[in-house]
Amino acid sequence: MPAPRPHGQVALAQDRLNEEIRQLMDQEPSRQRSDRYYRALLAWADGPGDETPEAA
């Protein structure tokens, strides 16, 4: 289930990314898996950016 966000918004993209990371963690180690995992973690670290208030 998607995580609720402020103002009733739902972060579907972040939930999909979390699921992709979980699936990659369960796969056998390989170069392709490592590359995909690395890119997914970079995307996760960038995050949606909606946790901080916008400047006026």
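In the predicted model, 26% of the contacts between residues at least 6 apart in sequence join residues at least 24 apart. The secondary structure of the chain consists of two helices and zero strands. Of its 56 residues, 12% count as buried.

The packing of two helices is described by the angle between their axes and the distance between the axes. Helix α1 spans residues 12-26 and helix α2 spans residues 31-46. Their axes come within 10 Å and cross at roughly 150°. Because angles over 145 degrees count as roughly antiparallel, α1 and α2 are assigned to that class. The crossing of α1 past α2 is left-handed.

On the α1 side, the contact is made by Gln14, Leu17, Asn18, Glu20, Ile21, Leu24 and Met25. These residues meet Arg33, Arg36, Tyr37, Ala40, Leu41, Ala43 and Trp44 of α2. By class, the contact of α1 with α2 comprises nine nonpolar, two polar and three charged residues.

Ala13 also lies in helix α1.

Methods. Residues are numbered from 1 along each chain as its sequence is written. This is a predicted model: local features need pLDDT of at least 70, side-chain atom pairs count only at pLDDT 80 or more; totals for chains, interfaces and linings use all residues. Side-chain values use heavy atoms; hydrogens and water are left out. Helices (H or I, at least four residues) and strands (E, at least two) are DSSP runs, numbered from the N terminus. Buried means under 20% relative accessible area, exposed over 50%, partly exposed in between (1.4 Å probe, protein chains only). Contact means heavy atoms within 4.5 Å. Axes are lines fitted to C-alpha atoms, for helices over the stretch in contact, and angles run from 0 to 180 degrees between N-to-C directions. Angles under 35 degrees count as roughly parallel, over 145 as roughly antiparallel, 65 to 115 as roughly perpendicular and the rest as oblique. A crossing is left-handed if the near helix is turned anticlockwise from the far one by less than a right angle, and right-handed if clockwise. Ala, Val, Leu, Ile, Met, Phe, Trp, Tyr, Cys and Pro count as nonpolar, Asp, Glu, Lys and Arg as charged, and the others, Gly among them, as polar.
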